[in-house]
Amino acid sequence: MNLNLETERLILRPFSEDDASLLFELNNDEDVTRYTGQGAYKNIEEALEFVKGYKQYENYSMGRLNVFIKDTREYIGWSGLQYLKAINEVDIGYRLIKKYWGKGYATEASKACLDYGFNTLKLDKIIRTAMKANIASINVFNKLGLKYSHDDDCGQQPGVVYTITKEEWK
Ligand SMILES: CC(C)(COP(=O)(O)OP(=O)(O)OC[C@H]1O[C@@H](n2cnc3c(N)ncnc32)[C@H](O)[C@@H]1OP(=O)(O)O)[C@@H](O)C(=O)NCCC(=O)NCCS
């Protein structure tokens, strides 16, 4: 499976061990991790351990993908699918460096990932949980065509689950 995706403005590709410092910097901002249930990595080595242990690509032919602006090659964050073994579902996620928020990048990158999930992997359904307070993320769900399914805790916070099916994506 080719996990290198492209949109009008962006390129997406799997994490590599060389990306540890990018992931470290991304998470090293409380505004970025506020609604994610994750904090900063202690150091670049911890980010590297995460990349080395990340087996989504080989196990499930999907995964979070690092996102770069096509024209300038600037790193802006990640977006992508992830298989959640505990609930046997695939989710869509995104996390961007603050200065790139509000430009439609999360929506654009996620569309390519949903397309990959439904058209290449032939998935039936993709889901996402967000904290209710994460208005920006819920706006992205709506722009992608995900629909509210039910309330569920997101970490220790009140959350919402949104879903989209193959038929709804078409
Ligand atoms: C969530 C996130 C990826 C959105 O990225 P983005 O590139 O700004 O998203 P988009 O520009 O595609 O769309 C965001 C929409 O929400 C709106 N928005 C952004 N912040 C908002 C806020 N605080 N309140 C209300 N609306 C907001 C934007 O205006 C935009 O809507 P519009 O296109 O109708 O104007 C980004 O905020 C982020 O990385 N947050 C930190 C990580 C995170 O929370 N990830 C999701 C976990 S579930």
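Helix α6 gives the lining of the largest pocket its largest share, 6 residues. The structure is a predicted model, and the space taken by its ligand is that largest pocket. The shell around the ligand likewise draws its largest share, 6 residues, from α6. The briefing below covers the pocket, then the ligand, then a cavity.

**The largest pocket**

- The space in the largest pocket comes to about 1,100 Å³.
- Its lining consists of 48 residues, and those nearest the centre of the pocket are Thr 36, Tyr 94, Arg 128, Asn 134 and Ser 137.
- At least two lining residues come from each of α1 (20–27), α2 (30–33), β4 (75–84), β5, α5, β6, α6 and β7 (147–154).
- Sorted by class, this lining holds 25 nonpolar, 14 polar and 9 charged residues.

**The shell around the ligand**

- The ligand is surrounded by 22 residues, with Leu 96, Gly 102, Gly 104, Thr 107 and Lys 143 the closest.
- The elements β5 (89–96), α5 (105–120), β6 (125–131) and α6 (135–144) each contribute at least two residues to this shell.
- In the shell, 10 residues are nonpolar, 8 are polar and 4 are charged.

**Polar contacts and burial of the ligand**

- Thr 107, one of the closest residues, has a side-chain N or O atom 2.6 Å from an oxygen atom of the ligand.
- Lys 143, also listed among the closest residues, places a polar side-chain atom 2.6 Å from a ligand oxygen atom.
- Trp 101 has a polar side-chain atom 3.2 Å from an oxygen atom of the ligand.
- The ligand taken alone exposes 940 Å², of which the protein buries 71%.

**The cavity**

- The model contains 1 cavity of 30 Å³ or more.
- About 40 Å³ of space lies in the largest cavity.
- The residues lining the largest cavity are Leu 3, Leu 5, Met 62, Gly 63, Leu 65, Gly 80, Leu 81, Cys 113 and Tyr 116.
- Two or more of these lining residues come from each of β4 and α5.
- By class, the lining of the largest cavity comprises 7 nonpolar and 2 polar residues, with no charged residue.

Definitions and conventions: Residues are numbered from 1 along each chain as its sequence is written. This is a predicted model: local features need pLDDT of at least 70, side-chain atom pairs count only at pLDDT 80 or more; totals for chains, interfaces and linings use all residues. Side-chain values use heavy atoms; hydrogens and water are left out. A residue is near a molecule or strand if one of its heavy atoms lies within 4 Å of it. A polar contact is a pair of N or O atoms within 3.5 Å; within protein, one must be able to donate a hydrogen and the other to accept it, and residues adjacent in sequence count only if both atoms are side-chain atoms. Accessible areas come from the Shrake-Rupley method with a 1.4 Å probe; for residues, only the protein chains shown count as cover. On a 1 Å grid over the protein atoms alone, a cavity is a set of points where a 1.4 Å probe fits but cannot get out, and a pocket is an open set with protein on both sides within 12 Å along at least five of seven lines; lining residues have an atom within 4 Å of a point. A molecule sits in a cavity or pocket if more than half of its atoms lie within 2 Å of its grid points. Helices (H or I, at least four residues) and strands (E, at least two) are DSSP runs, numbered from the N terminus. Ala, Val, Leu, Ile, Met, Phe, Trp, Tyr, Cys and Pro count as nonpolar, Asp, Glu, Lys and Arg as charged, and the others, Gly among them, as polar. Grid points are joined across faces, edges and corners, and a volume is the space filled by probe spheres set on the points.
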